[in-house]
Every structure is written in structure tokens, then in C-alpha cells.
Amino acid sequence: MSEKRPNRTALFVVLGLAAVATIASIGLIYSLLSGTTPSLDEPSVLEVTLDGGYADGKIEDPLAELGLSSSGNSLYDVVRAIDNAASDANVEALRFTVRSPSLGLAQQQEIEQAVNRFRESGKPVFSHLSGDMVTNGRYYLASMGDEVWATPESFWLIQGLQADVTFLRGMLENLKIEPDVIMFKEYKSAGEPYKNTEMSEPMREALTTVLEDVQRMWIEGVAQRREIGVDAVRELVNAGALTPQAAKDGKLVDHLGYADELTDAIKERLGRDSYERIKLSKYVQTLPEPDSDERIALIFGEGPILAEEADDSNPFANNQAIYGPKLARDIRKAAKEDRVKAIVLRVNSPGGSAVGSDYVWREIMRAKDKGIPVVVSMSSVAGSGGYWISMGADAIVAQPATITGSIGVVFSKLNVRGLYEWAGANIESISLAENSSLMSPYHSFDEAQYARVEGVIGSLYESFVNKVAEGRAMTFDEVEPLAHGRIWSGEDALDIKLIDELGGLREAVALAATKASLDAATTDVEIFPKTKSVFEKLAEGDFGVSTPSTPTAAQLRTWIDELAQPRASVEMPDIRIY
């Protein structure tokens, strides 16, 4: 009698469920240790530690919920807490600890505006640069303090901006891969890294203009807050590397010292013997929940734009992307809510799928047809598809440093036949029509095929421009010269009427309230849809357990084919700005 083998699938399911139960137990213990919702009933200092990555809105990160990760940071929570603290009698001061945050200048401008509103309450603001290195972004955040402190041994690297673009054409040639790239139009540079070995002049021109705008904003902002001349700040920027003492001599900081010394200074400033504090994560829990009958729905759209549906079957997934159908559905549901009188869509996206973008655009148009005003608030970037999902709104608000525009389309396809043949494989094809090989990853376009695809992409470009013209109440001929795939700063976008107003989420909400005939001061903002906790997802039981696998030749081929997959998209190039 043969021995019965265990069912491997059942074993993996059991192990997966055991892991889920263990994590759930950890979360329960953590929640018990964390205590109940905190209260603030004595004068305290609100402490905000800026470190790590920041989403604009709440992201569903199960590990963060369980206290096992810090990736749940939210710019929305930071700004909301600072604004509430300005009128909170039990918050005496604001203290920033700046370590190594990842925030774009437009996001930093959002925090800056909140700090300025807090300062108007007459309460002091302190900041401390506590990391190993002080960079442009970290210093810009710290410079918002009335008093700026820095550790005595930090390395200062305050330098002019630099943008790095990686061009892959030479590498593709070495791998025997042939790219087919079509860009509409000359500024649409998302395909350049595959098509060219260096920047085209239009790409260099547009990118240089945006960098110059952003650097000017940085220098002027620092000069104004530190009350030193623009030329003096520019001189420090040109120096690049600085010692902490040189930074102090240049009036970039007030004091070189440690955290406990700053604590003593705050106590002295407030005239107190003790130091009471509340951290941002706890203070956010004390903020009131929406309870008014009329509300503004706040919906976040962050990340690359995809045409497919989101996979909600995994309760531990943390995919920060815009799934076009899902975001459209969220807008549709919000528009159906009786208590929702206006919608604010917060956009932070470099673009992606034209189809996914169009799902969102259509739903915004439908909400407007129902009489629901829609206002877009742009974050660090709202380019290409990010602009597509914004262009139909009743109004668009962006920060001066927001990168936006890039109204254009790019098509790319890679022929990987040479790579396979170089590796010893042989590919044979059977074609049943004249253009059967048009989108094959093993063939490049001939002249006729290139012209045919170019015509299709050109039609998509014209549709994009026409929809911009409709949304911005302009003509095609007025919009088209501003398109061509070019990126703009928020300041420039305002001048050419691609946006309506400079500001942040607060200004967008106020504008939406006005358009809906609401009082912005008394109307609640509700994040929509409400995110589910990991425990709620587990309780629903709608999730799957994946089994481990090892790479096979078939999977390797799938990966290569995915690389070669043809795409028509509205996206921006991957640009690293330092």
C-alpha cells in the first residue's frame, strides 16, 4: 500500500492562515498597548517628525496599522494637524524634527503654507535638523521654523538642482533589442530614454526651464524666511558642501545643538519648568470626525495610472497606484451621496494609461452634469495622464512648484528577437495578414507600419488636446501650442491658463465650497471612500493565499515579453531631481 502524499496546496493555505492569525494577534496586542484615543487637556508642544516617504492621503498599509512600519505617513495628516493646532488652546508651540523625509518641493510648499497659518496664531515654531546629512529639501522644511537648530556634526550639502535622466538606447543595442518609439510631440520625452542616447534640445529646454523655476522658488523662499539676501543664499548654494559652522555663519541656522538643548530652549521660551508634548500620530487621533449634513468629498489619486481593476483580494497589498476604473467608481459613488455637495480630487501622478485616465475624466464630467462641482488639487506632479484626469474639473489648483502639463502621447514597443537569437533561441512566425506582425515583440516597424501607428497615436493626441480645450474653455488652436508634451511649473501653468489658482488642498476645498454655495469654515471634508483596516478586510474573508514559486524558462520568457509589450500612454519620463 503506497503512502499518501500530503496536499501541498492545502498545506500552503494552512500556513498562510496561520501567518494571518499571528499578524492579527500582534495587531491586537499592539492596539491594546497603544491605549484608547488620546486626549489633549494640558498645554503641550505638537511634535512633528518628518522622516521617510509621504503619501498625499491615507494609504492602506497593514504593517503601519500594526505598528510595524512607518510608511503610513500622510501629508494630509501633517497639514490637517498643524491647521487644527493653530486654534487649539492646548497647543503652545510647533516643533519639527527633520530627518530624512521624501517630499517634493510642491509638498513642502503645502506644509509651509500650513506653518504660516499656524504662525499667524502667535505661537512659535521650532525646527531641528537631526540627520547625518542636510540637503536642499530637508533644509527647506527646517527653515520654516522661527528658530532653526542643527546637530553640530551634520554634513551640509546645499547645492543647485540637478536632473539625471538615464538613456537606455546604448544598453538596448548591446542586448540586440530594437525600440520602436513614437512621441507626440517634440517635448514628449517619455520615450527618449529608449529612442535616444542623449537629451534632445526640446527635452533639455523644457527640463531646464522647470529646474530653474524650482531652484528660484527654493532660493527666494529661504531668503525670505531667513531674512537674508537672495544673492547670499545663491552664493551658499554655489558653494555646495558646507560645514555646520559655515551654515550658521551664513545665517541658515540659529543654533548648533542637540535635541535636549532645543527642549530646554523651548521651555525657556514658553516660560515653563516642564516640557509637555504630543506627537503628530497621537494628535491626529484627537481631531474631530466629520459630522455635518453637507460635506465635501476628498478623493486621492496617487501613483501611475493603470487601465485595469485594482486587486482587492489581498488584505496585505499596498499598491500605490491609480486604477482608472476604481477611481472612476469612487467619484461616481461620491456624486451619488446626498450629503456630498462637492468633490475635491487630489492628484499626484506622472501619468500612465490613456484608457485608465479617460475613465476618470468621464466620471468627472458625469459628476458635473449632476450639478456636483469638482475641483482638482495638484500635488508634486500632475503631468500627462495626471493632467488628463484633472482637465475636466471646474477648477484646478496647483502649487507654484507643481510639475504639470505634458499634454502629449508616447508609443513604445521593443523588438527582442535579437536578444533571443543572441541567447541561442530561434523564432519562426506564421502571418495570416499583411500586418499581422504589427505589434509583435519579434519584429520592428517598416515605414508603412510606422506611418499607420503614428496616425493612430496622432489621433489620440488630438483627442487629448480637444478635451483640454473643452475643460479649460479654450480653443484647440489656443491649447495645441501649449501641449506638444511639454512640462510646466505651476507658476507657468497659471500664466498659460492650464490651471486656475496657486495654492494647496486648503485653497482647493475653499474653492469647491464656493462653487457649491457652502461655507468653507463650517463644511466638513470627508475622505472618500473610507479605507478599511486590515482587520476589517480579514473579517470579510475575501482574500487569497499565494504559493511560492521558482523562476522557470517560461516565466523568464513572460518577463521579457512584458518588457517588449507595446504601449500607448500619456506619461512623463523617469527624471531624478536632486
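This is a predicted model: local features need pLDDT of at least 70, side-chain atom pairs count only at pLDDT 80 or more; totals for chains, interfaces and linings use all residues.
**Second largest cavity**

I sorted the lining of the second largest cavity by class and got four nonpolar, one polar and four charged residues. My classes: Ala, Val, Leu, Ile, Met, Phe, Trp, Tyr, Cys and Pro are nonpolar, Asp, Glu, Lys and Arg are charged, and the others, Gly among them, are polar. Numbering runs from 1 along each chain as its sequence is written, and side-chain values use heavy atoms, without hydrogens or water.

The lining residues are Val45, Glu92, Ile266, Lys267, Leu270, Arg272, Ser274, Tyr275 and Glu276. A cavity here is a set of points on a 1 Å grid over the protein atoms alone where a 1.4 Å probe fits but cannot get out, and lining residues have an atom within 4 Å of a point. Helix 11 (residues 259–270) gives the most to this lining, with three residues. I took helices as DSSP runs of H or I, at least four residues, numbered from the N terminus.

I read off a volume of about 40 Å³ for this cavity, the space filled by probe spheres set on the points. The structure holds two cavities of 30 Å³ or more.

I checked the length of helix 8 (residues 201–226): its 26 residues should span 38 Å at 1.5 Å a residue, and the end C-alpha atoms are 37 Å apart, which agrees. The expected span is 1.5 Å times one less than the number of residues. Glu227 follows helix 8 and has a positive phi, near 55 degrees.

Next I looked up Glu235, which sits in helix 9 (residues 230–239). Glu235 counts as exposed because its relative accessibility is 61%, and exposed means over 50% (1.4 Å probe, protein chains only). Its C-alpha atom is 9.7 Å from that of Gly250, 15 residues apart along the chain.

Technical notes:
On a 1 Å grid over the protein atoms alone, a cavity is a set of points where a 1.4 Å probe fits but cannot get out, and a pocket is an open set with protein on both sides within 12 Å along at least five of seven lines; lining residues have an atom within 4 Å of a point. Helices (H or I, at least four residues) and strands (E, at least two) are DSSP runs, numbered from the N terminus. Buried means under 20% relative accessible area, exposed over 50%, partly exposed in between (1.4 Å probe, protein chains only).
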